[in-house]
2 protein chains.
Amino acid sequence: MSSPLVEVRQLRDRIGQIVTVRGWVRNARTSKTRFIELRDGSGFIQCVAGAEVCDPESYEMAGRLTQECALAATGLVQTHPRSGAPELLVQHLELLGESRDFPITPKEHGIEFLMEKRHLWLRSKRQWAILRIRHAIAKAIRDFFDGEGFTLLDAPILTPSACEGTSTLFATEYFHEGQAFLSQSGQLYQEPGLAAFGKTYCFGPTFRAEKSKTRRHLTEFWMVEPEVAFAHLEDVMVLGERMMKSILERVLETKREELSVLERDLGPLESALSVEYARMTYTDAVARLRELGSDIQWGEDFGNDDETILMNAMDRPLWVHRFPKAFKAFYMEPDPEDDRLALGADLLAPEGYGEVIGGGERASSLDYLLGQISHHGLNRADYEWYLDVRRYGGVPHAGFGLGLERAVAWICKLPHVRETAPYPRMMGTLRP
Amino acid sequence: MSSPLVEVRQLRDRIGQIVTVRGWVRNARTSKTRFIELRDGSGFIQCVAGAEVCDPESYEMAGRLTQECALAATGLVQTHPRSGAPELLVQHLELLGESRDFPITPKEHGIEFLMEKRHLWLRSKRQWAILRIRHAIAKAIRDFFDGEGFTLLDAPILTPSACEGTSTLFATEYFHEGQAFLSQSGQLYQEPGLAAFGKTYCFGPTFRAEKSKTRRHLTEFWMVEPEVAFAHLEDVMVLGERMMKSILERVLETKREELSVLERDLGPLESALSVEYARMTYTDAVARLRELGSDIQWGEDFGNDDETILMNAMDRPLWVHRFPKAFKAFYMEPDPEDDRLALGADLLAPEGYGEVIGGGERASSLDYLLGQISHHGLNRADYEWYLDVRRYGGVPHAGFGLGLERAVAWICKLPHVRETAPYPRMMGTLRP
């Protein structure tokens with residue numbers, strides 16, 4: 001057959017033409033007319049094989065297709081009379097790859113089984129939709145920062161010292177240098193970049209060896225971390241909000257089909273695109289939580305449950321700012337108006353999702369940082385390079401980190417973060 | 001001062017206006033008129049402080065500025081009479097951050113010292129130019145694959161088994177699962193994605209614990225790995241060449257200033273954008289190398305020296321294809337016309353740079369792969385999930401990997417790959 005090869009996404013422009021598509025059989029129903037749902041990664045197409053149009057061998061083949069076999073289907077592109085979607089009136093089929101007993105059948109499977117078969121589970125319409133949205137979010141993030149004049153400054157994964165505590169680090173032997181640790185954050189590596197580039201970001205995998213199984217934690221996750229010279233706490237909230245809106249705009253513009261596969265209610269996303277985000281100090285948030293029934297005490301960090309309670313009660317994203325210094329990173333700028341507090345700001349997503357962004361202003365005083373390093377029992381020698389940022393033309397600066405998988409979980413409204421990555425890594429999950 | 005804050009890159013549009021710029025002092029020359037070279041990451045601007053325009057305190061300050069102190073400079077944007085570039089006629093200066101004895105002075109420094117001070121070395125004009133070009137290359141790569149309808153499928157870093165040999169792996173304890181290894185390639189994780197997405201790519205850090213110090217090797221480097229269903233060896237060469245040209249087009253279009261900082265001869269880049277790349281079988285390349293004086297024997301892999309010799313003699317990038325199976329990965333499709341060979345193709349960059357792309361067609365036969373796994377002494381159980389790609393709708397497919405840092409090294413014409421990453425990791429280099 002010499003008809004043109006086209007991708008399913010292009011079929012709308014081929015109505016009335018004879019074309020060939022190649023893909024995998026998602027489903028095949030056989031009666032007098034045979035209906036084949038074919039998928040090529042760019043989209044889904046119904047192929048209709050009837051005895052009057054299809055050649056006899058192909059018609060016969062269409063009656064015994066197995067789930068996930070690979071096919072080339074040639075035929076006339078027409079518009080489905082009711083749905084208006086393109087469909088293919090099959091003239092000829094060619095079997096390209098056999099498939100016997102595909103393990104994931106249309107029946108329900110347990111999550112443990114699906115996670116073991118993640119490499120095959122990817123073929124489900126739901127996983128296709130989620131990971132295409134993940135891609136759109138990642139691209140929107142990069143386009144946003146590139147468009148704002150940020151320079152991409154990839155942070156190293158292999159690092160000689162701990163950035164946010166030592167108990168949750170993956171370690172590896174590094175030649176004669178002793179142990180290296182997998183980075184938990186690229187932030188310390190962004191700050192020295194400011195005097196060179198003014199505005200930087202990194203966007204890569206980060207690691208936390210947390211011995212906990214929650215619906216919000218992966219051990220390996222992607223994080224984007226912008227950092228801006230001359231910026232303050234307020235700038236972090238403004239920048240983070242603009243970035244979130246740019247993500248939502250992109251997803252709503254380009255991923256309607258995928259959102260519809262997920263049956264995602266678009267209302268909360270459209271709202272988060274148009275409204276101004278709420279703001280609340282940590283102190284007010286604690287009071288609000290206690291009204292809502294939490295037993296949190298001032299000075300304690302939010303637990304997952306607290307974030308859920310707080311954000312179930314909100315109709316829009318919420319910035320919580322000015323946290324107790326005690327549970328925040330050593331490098332945060334203290335609040336000049338209350339020295340118990342640090343100038344941090346976290347963005348919590350609505351619909352019960354909780355933290356997606358954590359950030360704030362970085363301490364600009366060398367003396368303050370030296371005190372903090374000593375107070376936190378850190379090894380000063382490990383941080384001399386980082387302290388140099390303050391020694392040579394130090395200026396106020398601020399930034400934040402957005403966890404990609406948490407943004408995906410909220411935007412797709414997933415019950416668990418394990419579906420947000422192609423091959424998620426959690427405690428107990430290292431394969432495939 | 002209430003004049004508008006602008007970035008240096010925007011000054012061309014502000015001629016005749018009073019503005020404020022903020023940045024770091026790269027250099028300050030003092031005579032009757034004081035010349036300050038200021039840098040804000042978006043560009044470089046000469047500030048001219050003369051006694052007749054500048055206020056007295058600022059004029060005095062301009063006479064004692066130190067290297068790398070941070071400044072806000074307010075004044076009139078005008079065009080330099082000879083160069084035509086914008087310059088700032090200073091009315092007022094404000095010191096934002098002091099700097100004493102910046103370690104990297106205009107004199108020459110040894111490479112060991114510069115690597116130890118990498119976080120400060122980033123401020124040099126040369127490193128600024130290289131890393132901005134790196135950013136442009138990375139962005140061009142993503143835009144290329146996104147524009148072609150590929151889906152980004154991030155590969156995991158923490159993997160349970162070795163992909164390309166076990167001697168060069170970084171290992172870490174992974175809870176109760178035993179050892180995890182830092183990924184050397186995302187390719188095995190792309191292949192199962194094809195039946196879901198048709199065309200995929202990953203682009204993230206990869207790791208090789210190679211105990212060698214060469215000008216071409218980092219232990220941590222970024223690699224883009226596209227994979228295409230229904231593609232063959234020829235498609236790999238066509239796709240790789242189109243990607244390279246799209247990178248070169250972007251860099252030549254948007255990074256002229258940076259290339260000029262590096263004094264990069266544009267001829268070879270412009271040529272590689274316009275000519276068709278050369279092609280040579282491995283067998284012919286060995287013969288050519290022997291003519292050029294190498295003692296390579298048929299069946300041996302190219303050494304760094306061989307690639308240098310071969311590519312010093314070429315005026316354009318070169319595809320070498322059809323290599324002996326013996327030294328290529330177990331998953332390569334055998335050549336149907338010569339079963340000693342595998343359908344692989346590497347792209348070597350000219351000017352002596354050597355391999356930047358490695359790729360080829362993947363074996364589509366389950367039986368052949370089972371034989372290869374056994375022949376290479378691999379543990380079949382580790383690969384069952386990967387073999388599933390062939391069990392359920394297996395089709396021909398192919399792909400490649402491009403090492404970002406090697407592309408940067410060639411395009412910037414750097415003598416060593418250590419300058420291609422913000423914080424390079426090599427044997428002996430884990431800090432800062």
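Nine salt bridges are counted between chain B and chain A in this predicted model. The two chains bury about 7700 Å² between them, and the contact draws on 98 residues from chain B and 98 residues from chain A. Within chain B, helix H4 packs with helix H7.

**Interface between chain B and chain A**

- One of the salt bridges joins the side chains of Asp382(A) and Arg431(B), with an N to O distance of 4.0 Å.
- Of the area buried between chain B and chain A, 62% lies on carbon and sulfur atoms.
- On the chain B side, Phe175(B), Tyr392(B) and Leu430(B) lose the most area to chain A, and together they account for 10% of what that side buries.

**Packing of H4(B) with H7(B)**

- Helix H4 of chain B spans residues 125–147 and helix H7 of chain B spans residues 233–254; their axes lie 9 Å apart, at an angle of about 135 degrees.
- H4(B) is therefore oblique to H7(B).
- The crossing of these two helices, H4(B) and H7(B), is right-handed.

**Residues in the helix contact**

- From H4(B), the contact includes Ile133(B), Ala136(B), Ile137(B), Lys139(B), Ala140(B), Ile141(B), Asp143(B), Phe144(B) and Phe145(B).
- These residues meet Leu239(B), Arg242(B), Met243(B), Ser246(B), Ile247(B), Arg250(B), Val251(B) and Thr254(B) in H7(B).
- By class, the residues of the contact of H4(B) with H7(B) comprise eleven nonpolar, two polar and four charged.

Key. Residues are numbered from 1 along each chain as its sequence is written. Chains are lettered from A and ligands numbered from 1 in the order in which they are written. This is a predicted model: local features need pLDDT of at least 70, side-chain atom pairs count only at pLDDT 80 or more; totals for chains, interfaces and linings use all residues. Side-chain values use heavy atoms; hydrogens and water are left out. Axes are lines fitted to C-alpha atoms, for helices over the stretch in contact, and angles run from 0 to 180 degrees between N-to-C directions. Helices (H or I, at least four residues) and strands (E, at least two) are DSSP runs, numbered from the N terminus. Angles under 35 degrees count as roughly parallel, over 145 as roughly antiparallel, 65 to 115 as roughly perpendicular and the rest as oblique. A crossing is left-handed if the near helix is turned anticlockwise from the far one by less than a right angle, and right-handed if clockwise. Contact means heavy atoms within 4.5 Å. Ala, Val, Leu, Ile, Met, Phe, Trp, Tyr, Cys and Pro count as nonpolar, Asp, Glu, Lys and Arg as charged, and the others, Gly among them, as polar. Buried area is the accessible area (1.4 Å probe) that two parts lose on being put together, summed over both.
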